[in-house]
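Subject: Structure for your review

Dear colleague,

My notes on it come after.

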Amino acid sequence: MRISRNFKGVTAGVTLAFSSVLGATAAWAEETIKIGVLHSLSGTMAISETTLKDTVLMMVEEQNAAGGLLGKKLEAVVVDPASNWPLFAEKARELIAKEKVDVIFGCWTSVSRKSVLPVIEELNGLMFYPVQYEGEESSKNVFYTGAAPNQQAIPAVDYLMEELEVERWVLAGTDYVYPRTTNKILEAYLKSKGVADEDIMINYTPFGHSDWQSIVSEVKTFGSKGKKAAVVSTINGDANIPFYKELGNQGVSAVDIPVVAFSVGEEELSGMDTSALVGHLAAWNYFQSVESDENDAFIAQWKKHTGDDKRVTNDPMEATYIGFKMWVEAVKKAGTTDTDAVEQAMIGISLPNLTGGMAVMNKNHHLSKPVLIGEIQEDGQFLVVSETEGTVPGDAWSDFLPGSMDVIADWTTPTSCGNYNTVTKKCSGQVF
Amino acid sequence: MVRLIVGLLLLWSVSAPGQAQEHDPLALELDKLAHTKLSKLPAQIDVLAAINDPRVPVVLQALLDGELYAKKSDKKLFIGTPGDDGSLQLMNPLAEASVDSAPKNEFKRIGVNNRMRFQLRNSIARINLQSNDPQQRRAAVLRLMDDLSPDVLLLLDETASSESNEDVLELIYVARALIILDSDDRLEKLAAIGLLKGNLQPMVKNRLERIVAKNVDGAPVETDPVIYKKAQQALASIDSKVRLYQFLETTFFGLSLGSVLLLSAIGLAITFGVMGVINMAHGELIMLGAYTTYVIQLMMPDHLEYSLLVAVPAAFVVSGLVGIVIERCVIQFLYGRPLETLLATFGISLILQQAVRSIFSPLNRSVSTPEWMSGALQINPVFALTYNRMYILVFALVIFILLLLLLKKTTLGLQFRAVAQNRAMARAMGIRSQWVDAMTFGLGSGVAGIAGVALSQLTNVGPNLGQAYIIDSFMVVVFGGVGNLWGTLVSAFSLGIANKFMEPLAGAVLAKILVLVFIILFIQRNPRGLFPQQGRAAE
């Protein structure tokens with residue numbers, strides 16, 4: 001009897017202690033700030049997006065090592081929307097409504113961002129979008145740390161026109177919203193510079209397109225008319241690899257017909273044999289080869305984190321880095337992770353970028369960034385051949401499209417609108 | 001005596017620096033090159049190109065190829081080829097003797113941009129006009145045709161007088177004719193246009209087009225009517241030739257697309273034809289063949305040239321075995337139930353995709369193309385055949401012929417055809433139909449694996465490779481008629497050619513859609529395809 005009473009007592013005590021420890025750990029476990037990572041880890045865009053997931057994980061690790069945020073640890077919640085655009089929206093909803101993340105770092109293609117936009121606005125989430133895009137959008141819930149067309153496409157075309165004296169243009173893109181809108185803007189821009197209709201050739205291919213024979217042959221013919229021709233490529237994902245291979249096979253060299261790409265960076269080149277690509281160009285706001293103290297430190301940190309000396313850094317990684325650091329600053333400034341407070345605190349935040357200058361978050365939710373044009377070298381790195389003097393502030397609404405010339409985005413009070421028409425003085429609300 | 005000594009000393013002091021000066025120009029300019037900023041490099045390249053020294057083209061070529069390095073410590077220039085271990089094999093450009101190898105980080109490469117590459121190619125071309133190799137001379141003349149100026153005419157005339165190679169001489173005459181078209185001599189111009197008739201070089205066409213161009217008000221720019229008419233005729237002959245070659249080129253593209261479709265569909269034609277089994281995992285069997293190529297290349301990194309030859313039988317075996325396993329474990333229980341077979345094989349395709357994702361990685365794998373398959377055969381300036389597509393076309397036809405022989409001439413083939421035509425009767429004749437089923441499935445899957453080897457050279461190798469080709473394979477089999485290899489051949493090539501002829505007109509996306517719409521309409525009229533199975537036993 002005595003033994004069993006003791007036994008019961010001991011069991012009760014142990015159970016109590018155990019559950020209180022569990023309860024405490026559970027309570028402690030809830031003391032994290034959750035960060036959602038919404039990048040494709042499989043499918044046609046995995047070649048570009050996987051490295052961004054790794055970047056966010058590295059920044060979370062760094063922030064936790066520095067003591068976390070607001071006294072809590074950061075926890076990354078990673079999902080795989082698998083290059084499936086409707087799945088992006090579902091996963092975004094899962095991250096915000098179920099996992100209760102306070103911020104999402106995600107998306108690459110504009111179609112994925114457009115899928116996610118209604119969900120983010122409905123649930124009042126917060127997303128940082130780190131990739132160059134076509135503009136024509138500004139959402140209260142999204143911060144665009146990648147380039148707008150006036151920070152990438154337009155300066156690239158200027159470089160081709162002025163430095164390389166290009167007179168005939170092939171606008172080749174993947175068939176979705178980003179290349180279609182960018183090409184609309186570029187066509188309007190080229191025509192405003194006096195380029196004739198027959199000197200512009202526009203071409204669209206599906207995601208993952210691998211049979212480039214006819215198109216490269218057409219480009220060759222287009223470029224052999226005596227005037228210098230260039231290709232402005234908005235081809236996204238792994239379709240780039242057979243495209244460049246076919247250019248190499250059919251003997252189109254960068255000296256004859258240069259290709260300037262907006263979605264090809266160090267990461268996309270790291271998996272391919274770049275000997276046929278030497279001399280082709282890309283336009284970004286950052287290259288791994290830029291020499292600055294911040295960049296050297298970032299590259300060293302990245303190689304240590306991945307444990308792989310051959311991993312490369314690229315522009316969307318820099319945008320993720322800037323976005324993350326700015327978000328941390330804004331949360332500290334606002335004292336909370338609440339979306340509305342952080343959103344207001346973000347505007348005006350400035351911190352060093354990785355190319356030796358300062359990145360500033362403007363009131364249209366776009367950054368001011370320097371524009372760099374780089375040439376592909378044998379080792380898959382870029383040689384910077386042109387750069388802007390200072391930073392160029394991002395313009396969400398293009399000055400070259402008739403419907404957007406008069407529109408601005410301004411999220412500060414009193415305007416507080418993403419599509420504010422300065423002529424009619426009306427806010428037209430989000431266009432999904 | 002003293003005067004003699006002084007005189008000798010003077011002589012020596014005058015001649016010694018003279019000797020040193022013989023090396024000075026190149027060494028001096030190379031030294032300057034190491035210290036020149038990117039913006040001032042073009043001018044320095046011009047200075048170098050003007051020096052008459054056999055070592056100059058070597059240096060310029062190294063600069064063009066990105067192989068010219070400056071040592072960080074003393075800015076001395078070297079030509080370097082990177083070794084495997086981060087070192088550089090160095091060569092002194094002044095002495096043309098191999099120096100050493102040294103770690104790569106002690107050197108900074110001298111980078112050039114596109115403009116400078118253009119300039120370097122032209123400078124090298126001018127020097128190469130005197131080269132011993134006729135191919136180099138030919139390439140040099142072609143390069144200079146892009147940049148015709150009066151001093152080039154003098155250079156070409158000089159070369160023409162001592163040129164022995166016919167090809168090169170012909171090109172030089174074309175280049176001279178182009179330059180003459182800019183002169184004022186009427187008779188010479190007419191003779192030049194006569195020479196240029198039918199010439200397919202693009203700059204010839206452009207130059208002739210400029211002669212027949214019209215003003216804003218419709219009047220011709222060229223005032224002399226005889227010259228105008230002759231230029232028009234020359235242009236017409238060029239245009240008709242260009243059209244012919246473009247037609248041939250599009251046909252080649254269509255045939256190569258057709259060969260890809262044939263390879264992916266023929267395995268399906270066999271399994272679908274003989275067994276009536278709808279195999280949704282066929283795309284994944286192709287994908288397994290492509291991954292086999294990747295693994296073989298990993299296993300023999302030093303012998304990439306032979307990797308494909310090893311990969312073909314390996315992929316056949318791997319995919320064939322997987323096919324037999326699928327047949328024995330899943331499909332044999334579902335005979336006569338097409339819907340269940342479809343669902344079951346769809347599930348298997350998902351399993352195979354995820355298995356590959358887990359074993360390798362969700363990202364694409366890089367498969368290298370051997371040297372002998374890269375590049376193109378340039379038949380004339382407007383018609384080129386890429387080697388990889390040519391080899392795959394031939395390969396597809398060889399596989400097709402082998403399969404045809406297998407089916408028509410071997411016992412196994414006889415048994416396949418017997419079971420396909422009338423299973424009950426075949427069994428009555430003593431044929432083990434179950435074993436034949438397994439072998440058929442294995443053969444169809446093995447051929448899919450071989451198709452994967454070919455596809456690894458043309459497209460990205462990733463877990464989703466199969467998804468891109470399954471629809472096309474079914475399309476070809478349905479269009480061509482089930483159970484007939486010739487039907488598959490005709491259907492694959494006709495669909496490939498149709499797609500490629502429509503592509504320049506409608507774009508890649510719309511061309512595919514139109515082909516699918518056409519097939520749907522065709523099937524309405526001929527549900528059994530182009531070459532349906534004959535005989536009473538066929539349903």
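This is a predicted model: local features need pLDDT of at least 70, side-chain atom pairs count only at pLDDT 80 or more; totals for chains, interfaces and linings use all residues.

Chain B as a whole

Chain B contains 20 helices and seven strands. Its radius of gyration is 33 Å, whereas the globule rule gives 24 Å for 539 residues; the chain B value is well over that figure, so chain B is more spread out than a compact globule. Taken along the principal axes, the box filled by the C-alpha atoms of chain B is roughly 125 × 70 × 40 Å.

The domain division of chain B gives domain 1 (27-115), domain 2 (142-223) and domain 3 (249-501). Over C-alpha atoms, the centres of domain 1 and domain 2 of chain B are 37 Å apart.

Of the 539 residues in chain B, 40% count as buried. Where contacts in chain B join residues at least 6 apart in sequence, 67% of them link residues at least 24 apart.

One helix of chain B

Helix H17 of chain B covers residues 433-456, 24 residues in all. From its first C-alpha to its last, H17(B) reaches 34 Å, close to the 34 Å expected at 1.5 Å a residue. H17(B) is also mostly covered, with 20 of its 24 residues buried.

The contact between the chains

Chain A contributes 42 residues to the contact and chain B contributes 38. On the chain B side, at least two residues each are supplied by helix H4 (114-128), helix H9 (202-211), helix H10 (225-275), strand E7 (383-386), helix H19 (485-506) and helix H20 (508-525). The residues of chain B that touch chain A comprise 15 nonpolar, 17 polar and six charged.

The nonpolar cores

In soluble globular proteins, nonpolar side chains tend to be buried together. The largest nonpolar core here has 114 residues. Those with the most contacts inside this core are Ala92(A), Ile104(A), Val157(A), Ala230(A), Val260(A) and Ala283(A). Helix H11 of chain A, residues 315-334, gives the most to this core, with nine residues.

Leaving aside residues up to four places away in sequence, Ala92(A) touches Leu38(A), Ile104(A), Val116(A), Val119(A) and Ile120(A). Another core lies apart from the largest one and has 78 residues, including Ile286(B), Val312(B), Leu393(B) and Leu489(B).

With kind regards

Key
Residues are numbered from 1 along each chain as its sequence is written. Chains are lettered from A and ligands numbered from 1 in the order in which they are written. Two residues are in contact if their C-beta atoms, placed from the backbone, lie within 7 Å. Helices (H or I, at least four residues) and strands (E, at least two) are DSSP runs, numbered from the N terminus. Ala, Val, Leu, Ile, Met, Phe, Trp, Tyr, Cys and Pro count as nonpolar, Asp, Glu, Lys and Arg as charged, and the others, Gly among them, as polar. A nonpolar core is a set of buried Ala, Val, Leu, Ile, Met, Phe, Trp, Tyr and Cys residues joined through C-beta atoms within 7 Å. A residue is buried if 20 or more other C-beta atoms lie within 10 Å of its own, exposed if 12 or fewer, and partly exposed in between; C-beta atoms are placed from the backbone. Domain bounds come from an automatic or database domain assignment. The radius of gyration is taken over C-alpha atoms; the globule rule is 2.2 Å times the number of residues to the power 0.38. The expected span of a helix is 1.5 Å times one less than its number of residues.
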